[in-house]
Amino acid sequence: MPTSSESSFPLEISVEEAANWLLRGGRGEPIILLDVREPHELEICQIAGAIHIPLKQLSQRWNELPTNCPIVINCHHGMRSLRAAEFLKEKGLKKVCSMAGGIHAWAEEIDPSLQRY
């Protein structure tokens with residue numbers, strides 16, 4: 001599980017780590033789940049409670065995100081979320097990480113009720 005320490009915050013975490021962290025809480029801190037997929041992808045499946053900002057809009061909308069709590073980012077397979085995490089770190093947000101494998105891995109390993117695509 002990642003720590004809330006900004007200096008040791010990982011760029012990427014496994015889907016299992018993300019699930020443990022999101023489902024059990026991040027050591028008392030509220031945790032934001034950011035979904036950077038396109039709107040048509042959300043219609044197929046999504047993780048409840050996620051904030052949705054498509055990657056294409058992130059450069060204009062990143063300031064809508066809170067800067068004082070951890071953000072776990074997901075996409076379809078983990079590539080867009082990794083780019084989003086790198087972008088947000090460049091903007092000065094320290095506690096952001098990508099969920100490796102994206103919602104596809106989440107559906108395979110955490111919630112098989114989600115439709116895969």
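Helix axes are lines fitted to C-alpha atoms, taken over the stretch in contact, and the angles between them run from 0 to 180 degrees between N-to-C directions. The structure described here is a predicted model.

The chain contains five helices and five strands. Along the sequence, these elements follow the pattern β-α-β-α-β-α-β-α-β-α. Of the 117 residues of the chain, 44% count as buried. Among contacts with a separation of 6 or more, 65% are accounted for by residues 24 or more positions apart.

Two packed helices are described by the angle between their axes and the distance between the axes. Helix H1 (residues 15-24) and helix H5 (residues 102-109) have axes that come within 10 Å and cross at roughly 80 degrees. Angles of 65 to 115 degrees count as roughly perpendicular, and H1 and H5 are therefore roughly perpendicular to each other. On the H1 side, the contact involves Val15, Glu16, Ala18, Ala19 and Leu22, which meet Ala105, Trp106 and Glu109 in H5. By residue class, the contact of H1 with H5 divides into six nonpolar, no polar and two charged residues.

A further site was examined in strand S5 (residues 96-99), where Ser98 is placed. Because buried means under 20% relative accessible area, Ser98, at 0% relative accessibility, counts as buried. When residues up to four places away in sequence are not counted, Ser98 touches Leu11, Glu12, Ile13, Ile73, Gly78, Ser81, Leu82 and Ala85.

Methods:
Residues are numbered from 1 along each chain as its sequence is written. This is a predicted model: local features need pLDDT of at least 70, side-chain atom pairs count only at pLDDT 80 or more; totals for chains, interfaces and linings use all residues. Side-chain values use heavy atoms; hydrogens and water are left out. Helices (H or I, at least four residues) and strands (E, at least two) are DSSP runs, numbered from the N terminus. Angles under 35 degrees count as roughly parallel, over 145 as roughly antiparallel, 65 to 115 as roughly perpendicular and the rest as oblique. Contact means heavy atoms within 4.5 Å. Ala, Val, Leu, Ile, Met, Phe, Trp, Tyr, Cys and Pro count as nonpolar, Asp, Glu, Lys and Arg as charged, and the others, Gly among them, as polar. Buried means under 20% relative accessible area, exposed over 50%, partly exposed in between (1.4 Å probe, protein chains only).
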